[in-house]
Amino acid sequence: MRLYTKTLLFIFIVSFSNVFSQDIEKQCKKAKYDAQQSRLRAKDFASDELLALHQYKMEFSFYLKAEKLCGKMTMNNLKILFRSYQSIKKIDKDKATIALYSDSLVSVFERAQNNGLALDSSYYEKMAKWYAKGSKPDYKKAEMNYIKSQSYSKYKPSIFNVTGYYGSLYDYYVQTNGENKDLKAKLIEEYFRMSSIISEYDLDVKALDFITKRFNRVIRTCDDILPELSGYLSKLPQDKGAKILAVNNFIELLENKKCTSSPEYETLIDTLLNIDRSPLSVLAKVKLLRAKGKYDAAQNMLNEAKTMEMSPDEKDIILGKIADMEIEAVKRYFNNRSYKKAYSEGRKITGKYRGEGLKLAGNSVAALANSCGSSTFERKCNYYYAIQVLESARSAGASVSASISKCRSMLPTSDEKFDNGNPSSMSLSCWGVTVSLK
C-alpha cells in the first residue's frame, strides 16, 4: 500500500511538472508574441509619438517578461531588446527614465553573460555606456567593459569608443574625489595611448579635444605632476620601446605644462639618454643645456649628434633641429651684443637658414663698424664689407633691403675718399678682409 502511494505521488509530480513546464513555455511564447504586437502597434501610431512611445515601452516590458520565462536569452533576442530600447530613447528625452531602462539592459546582459552567452565587441561597448548612464552610474564597470570591447581582434577604434572609454575613466577618477593615484597615473598613460589611436586611425579631431579637456582638468599645473613623477618613473615598462615612448610622453607633458626648469624634467632627459642615446635624445639634452645657459656643453653634445648613425628620415629631422638651434644661438649672440660671435657663427650656418645667418653676420659687422679701425675713414669702410655680406644673404633668400640702405647711408663720402687718397680697396683689421671701395 505504501509503495502504491509513492508511485501515485511520483506520477502526480511528473505530470504536474510537465503541465507547469508546458504552461511556462506557452507564457514565454505569448510574451514574445505580445512584444511583437506592441511593436506593430507602435508603427501604426508613428504619427503620434506619445502613443508610439507607450507601445515601445510595452514591447520592452514584454521582452523582459519573456527573458524571465524563457530561460536563456539568445543573441537575437538581445538585439531585439536593444532595438526596443533605442526606439524608446529616440522619443523619450527624460534622462532619468532612460537611466532606468539602461539599468534593465545591464541586468539582462549580465544574466546572459552569466549563462554563458558570448558577447561581441560592440555589445561590451554598449554595456559600458549603460553602466555610465544608469540611475547609479558605475564608471569602474563602464571602463572595464570598454577595455573588453578593445580586446577583440576585430575591434576597430571609433570616436565613440575612445571618448566613452576615456570619459568613463575620468568620471571614475572624479568619483574618488581625485584621491586615487593609480587612476591618475592611468589617466595620464591612457591619454597618450588614446591620442596615438586618434592619430593612427585618423579619428575626428573632436575626440582629441574631448580627452584633452578631461586630461587638463586632472593635470593643470606642474604641481599636479611633479611630486608623483618619481613614482611613475619607477613603474616604467620593461620593454625598451615602450619605456622610450613613456619617457618621451612625460617629457612632452612637462614641456606642455611649462615645467622644463624643474629638476624632474632634467631627470627625464637623462633617463631618456640612459635608455636610448640616440640623435633625438642627445638633441633634447642640448636644448636643456642651452636653456640653462650651458652653451659650451650644449655645443659639444650638438657635435656628437651630428656624428651619430641615423636613417635618412632621422637625418632630415636631426639636421633640421640642429639648424633651428644654430640659428637661435646666432640670434642670441646678436641680441646680447656679442657681435663677433654672431658674425663667426652666422657665416657657418648652412641649409635653410643660410640667408638668415649671413644677415645676422652682416648686421654684426655694421654694429661694430664704429669700433673697428684706426681712423674714421677706415671705420666707415666697414660698411662696405657689411653690404658685401648682406648681398650674400640676399642671394640666399634673406630680406635685407632695409639693412643695406642703412649701411649705404653710412659709407664714406666722396670728399672723405679724396682726403684719404681715393684708395680702390681697404684692409679691415677687425675682419681680416680687404674690400673694394668702388
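Let's start at Cys430, which is partly exposed, with a relative accessible area of 23%. Keep in mind that this is a predicted model. Cys430 is joined by a disulfide to Cys372, with 2.3 Å from S to S.

Another of them links Cys222 and Cys259, whose sulfur atoms are 2.1 Å apart. Here the torsion about the S-S bond is about -110°, so the disulfide is left-handed. Again distant parts of the chain are linked, with Cys222 in the loop between helix H9 (205-218) and helix H10 (229-233), and Cys259 in the loop between helix H11 (240-256) and helix H12 (263-275). Cys222 is buried at 18% relative accessible area, and Cys259 is buried at 2%.

Then there's Cys28 with Cys70, sulfurs 1.7 Å apart. The torsion about their S-S bond is about 105°, so this disulfide is right-handed. Cys28 sits in helix H1 (residues 2-44) and Cys70 in helix H2 (residues 49-70), so the bond ties together parts that are 42 residues apart in sequence. Cys28 is buried, at 10%, whereas Cys70 is partly exposed, at 28%.

If you number the bonded cysteines in sequence order, the pairing reads 1-2, 3-4, 5-6. Cys381 is in no disulfide, and the nearest cysteine sulfur, that of Cys430, is 12 Å away. Cys381 is buried, with 0% relative accessible area. Cys407 is in no disulfide either; the nearest cysteine sulfur belongs to Cys381, 13 Å off. Cys407 is buried too, at 3%.

Now for some helix packing. Helix H3 (residues 75-91) packs with helix H5 (residues 121-133) at an angle of about 45°, their axes 13 Å apart. The crossing of H3 past H5 is left-handed. On the H3 side, Met75, Lys79, Phe82, Tyr85 and Lys89 make the contact, meeting Tyr123, Lys126, Trp130 and Lys133 in H5. By class, this contact has 5 nonpolar, no polar and 4 charged residues.

Technical notes
Residues numbered from 1 in each chain as written. Predicted model: local features only at pLDDT ≥ 70, side-chain atom pairs only at ≥ 80, totals over all residues. Heavy atoms only, no water. Axes fitted to C-alpha atoms, helices over the stretch in contact; angles between N-to-C directions. Helix = DSSP H or I, 4+ residues; strand = E, 2+ residues; numbered from the N terminus. Left-handed = near helix turned anticlockwise from the far one by under 90°. Contact = heavy atoms within 4.5 Å. Nonpolar A, V, L, I, M, F, W, Y, C, P; charged D, E, K, R; others polar. Disulfide = S-S within 2.5 Å. Buried < 20%, exposed > 50% of the residue type's maximum accessible area, 1.4 Å probe, protein only.
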